[in-house]
Amino acid sequence: MSASRFSGPVLPSGETSDLWVVDGHVTYEPQAGAETVARGWIVPGLVDAHNHLGLDDPGAVGAEEVERQALADRDAGALLLRDCGSPADTRWVQEREDLPRLIRAGRHIARTRRYLRNFGHEVEPEGLSAFVAQEARSGDGWVKLVGDWISREEGDLAPSFPAEAFAEAIGVAHAHGAKVTAHCFGSEVLQGLLDAGIDCIEHGTGLSADQVEQMAVGGVALVPTVMQTGKFPEFSAGGREKFPAYSATMDELYRRRRDVLMAAHEAGVEMYVGSDGGGPSRHGHLAGEALAMAEMGLPVDDVLAAVSWKGREWLGWNPTLAEGAPADFVVYERDPRQDLSVLYEPARVVLRGRVVA
């Protein structure tokens, strides 16, 4: 493969450099005759920390639609996707050099008749640990639980499983070398999950001040998906007539979501950026989530780090574009540290050393 050259400030250091790509890797050793492909701000490939590749409203989609979703994410600069539950078998994506790198969690694991139809495994408490073991063995180091959902019997959000069933399942996942994350909108489910040693919370709108402190001390990550939690008024309106208690709960969670986010930030909880792409949310909108987090009050520098080098490090990938690192990066014509909206406008996307967009 011939060498190519990129010039500009390389984040996170911001030091202006000439960066060459040779055989899919980064080098700062000058390469004679290399074509200059782009000049601008060079950012390690973006990370979508909450993605549902292979999922759409009815459930699993075919390979053609999976490819379309993956390309939409890639062309928007998301070069590393953390699957947060998908009914589709997307292992083949990992064999495609032109598609983003993918860390799979397998199917969501939910309570029977307490989740969106065709999305996940639906099990009773006595079967939870067996399904967790199954997904831990077949995934890429993560298992996704549905922590809470609306209970039609209670007419409100309720934990999907008893705390002791969650604790046993988390222990099983850890014994298989997998981390566990959970969908959590409400408050009641959270303490049991945190006490059981869960690794990450998705959404997290019901967190208390004590719980964010516990997360910070325990190294439990939060992916707040603020574009998704911004839909809570829609969820509330849809359930108001039939489930007034649920509607009131969603209104209250929406009212306090910014306070929760900022409390987590102030406590030092590690937060990452997830678009929730798949199902009701569309792929290719990671920039929108980054901007939404900043608009809620999180510092731009922190959001940028979370969506790039810190997100990569969290998931076990090269965080920076050091000598010899895989050449996965995005070039922007403006400094994203000054204006996050430039994330909508990648000038060049480089994946595995190839300019793909």
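At roughly what angle do the axes of helix 2 (residues 128–138) and helix 3 (residues 163–175) cross? In this predicted model, the two axes cross at roughly 25 degrees and come within 9 Å. Because angles under 35 degrees count as roughly parallel, helix 2 is roughly parallel to helix 3, and the crossing of these two helices is right-handed. On the side of helix 2, the contact is made by Leu-128, Ser-129, Val-132 and Ala-133, while helix 3 contributes Ala-165, Phe-166, Glu-168, Ala-169, Val-172 and Ala-173. When the residues of this contact between helix 2 and helix 3 are divided by class, 8 are nonpolar, 1 is polar and 1 is charged.

A further helix pair is formed by helix 7 (residues 232–239) and helix 8 (residues 244–255), which pack with their axes 8 Å apart and at an angle of about 165 degrees. Since angles over 145 degrees count as roughly antiparallel, helix 7 and helix 8 are therefore roughly antiparallel to each other, and their crossing is left-handed. In helix 7, the residues that meet helix 8 are Phe-232, Pro-233, Phe-235, Ser-236 and Gly-239, and their counterparts in helix 8 are Pro-244, Tyr-246, Ser-247, Met-250, Asp-251, Leu-253 and Tyr-254. By class, the contact of helix 7 with helix 8 comprises 8 nonpolar residues, together with 3 polar residues and 1 charged residue.

Definitions and conventions: Residues numbered from 1 in each chain as written. Predicted model: local features only at pLDDT ≥ 70, side-chain atom pairs only at ≥ 80, totals over all residues. Heavy atoms only, no water. Axes fitted to C-alpha atoms, helices over the stretch in contact; angles between N-to-C directions. Helix = DSSP H or I, 4+ residues; strand = E, 2+ residues; numbered from the N terminus. Parallel < 35°, antiparallel > 145°, perpendicular 65-115°, else oblique. Left-handed = near helix turned anticlockwise from the far one by under 90°. Contact = heavy atoms within 4.5 Å. Nonpolar A, V, L, I, M, F, W, Y, C, P; charged D, E, K, R; others polar.
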